[in-house]
Amino acid sequence: MEHEHKDETKSSSPALMSLSPVDFRFHGKSKEFFGIWIVNVLLSIITLGIYSAWAKVRTFRYLYGSTELDGHRFNYLAEPMQILKGRILAVILFAAYYWLSMQSPEFMFGFMAVMVFLTPFLICSSLRFKMRMTSYRNVRFDYTGTYWQTLLYFVVLPFASIFTLYLAMPWVLKNMDQYIVNNTKYGNKAFSTELSGEIYFVASFISGILFAIIFAVAMFVISTVTPDASVSEQAMSIMTFATFAVYLLAFTIVRAFYKARVRNHIFESTFLQGVANFSSTFSFNGLCYIYLTNIIALICSFGLAYPWTKIRMVNYAIDNTGIMAVDNRSEVIDEIGEQTTAIGDEVANVFDVDVALG
């Protein structure tokens, strides 16, 4: 029986069908996005954060609407009130945590215990909202993860990794990513992937070694050229700033390496049932250059360069993402839309809220 299931899954992979490359491009401009962003920031400040829900909708609608796949644009369907409800919930939870922590440690630990069991619900709601509020050619994406599975992958396994001194964390991260992909759908078509734990372990090991080397070398150089920190308060301040800068540098470089390796692996191992295969060509050098220059631009502009860094990052991601789809993809997508859109729209609008702060 298991053999038959595997054969059925394998035969539905577009890798066995006639595929052709799909044009994927981004039309967003830094100047246009800056105008949206600066208004969002000012109005969010004036309204004490209330407008941030509307700001998120404006931002996502611009970014999604500027993304073109095979001649069609993506759509962001969320309404500001859905996001505002989620943010009110987040503020209430934070306020409750702060108040209980001020009352007594017992109350605070009790609240944290409750949050452990609430976390899977928040994760599921957030991912489901993100997917269902995204559509392409009038067909919504969806997320089908369950509470108990999310509790296992996002709470139980990370906690259990503590007893391995976090040596099992790469395997945990692999299972998290695989779980999310395998519970993502486009209409009635499911995404599927089978990730390699070896890739995650190697990427994590090299990242750890790389971070240690960069941090150790940089701190050695700083310690040799900086006066003894005990001599003056100014020297202590210099060492503190230098340590933070080195940590940021090391973290950025390691992040670029890990993301490039893992993202490429995820995309190359994923397909959309009967529709498309994916590929990713992120490079360590290219991603590292973008990350570092973006940080420099943000620091030098006091944050005003954010729209430029955002558009630049999205452009890089899309330019380095490949999609091979079945030749009759228009017919396939139209069929998906006829079978799923009507019910999916109603369910998404009634039950989904955005519980994420971002």
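Predicted model: local features only at pLDDT ≥ 70, side-chain atom pairs only at ≥ 80, totals over all residues.

Student: OK, so is R137 buried or exposed?

Tutor: R137 has 19% relative accessibility, so it counts as buried, given that the cut-off is under 20%.

Student: And where does R137 lie?

Tutor: In the loop between β5 (134-136) and β6 (139-143). Its backbone is worth a look too: the phi of R137 is near 55°, a positive value in a residue other than glycine.

Student: Why point that out?

Tutor: Because most residues other than glycine have a negative phi.

Student: What about L48, what's its phi?

Tutor: Also positive: L48 has a phi near 55° and isn't a glycine. L48 sits in the loop between α2 (30-46) and α3 (52-65).

Student: Is L48 buried or exposed?

Tutor: Exposed, because its relative accessible area is 79%, and the cut-off for exposed is over 50%.

Student: Switching to the inside. Which residues have the most contacts in the largest nonpolar core?

Tutor: Y76 and Y186, in a core of 50 residues. Helix α3 gives the most to this core, with 5 residues. There's also a second, separate core of 13 residues, which includes I253, A256, L287 and I290.

Student: How far apart are the end C-alpha atoms of α10?

Tutor: They are 24 Å apart. After α10 comes F302, which has a positive phi, near 55°.

Student: Now the surface. Which residues make the nonpolar patch?

Tutor: V202, F205, I206, I209, I213, V217, F220 and V221 make a nonpolar surface patch of about 730 Å². V202 is found in helix α8 (residues 197-225).

Student: How exposed is V202?

Tutor: Partly exposed, because its relative accessible area is 32%.

Student: And E198, where is that?

Tutor: E198 is in helix α8. It's exposed, with a relative accessible area of 59%. The C-alpha atoms of E198 and K174 are separated by 9.4 Å, and these residues are 24 residues apart along the chain.

Notes:
Residues numbered from 1 in each chain as written. Heavy atoms only, no water. Patch = residues over 30% accessible without salt bridge, like charges linked within 9 Å, V, L, I, M, F, W, Y side chains within 5 Å. Areas by Shrake-Rupley, 256 points an atom, 1.4 Å probe, with all protein chains shown as cover. Salt bridge = Lys/Arg side-chain N within 4 Å of Asp/Glu carboxyl O. Helix = DSSP H or I, 4+ residues; strand = E, 2+ residues; numbered from the N terminus. Buried < 20%, exposed > 50% of the residue type's maximum accessible area, 1.4 Å probe, protein only. Expected span 1.5 Å × (residues − 1). Core = buried A, V, L, I, M, F, W, Y, C linked by side-chain atoms within 4.5 Å.
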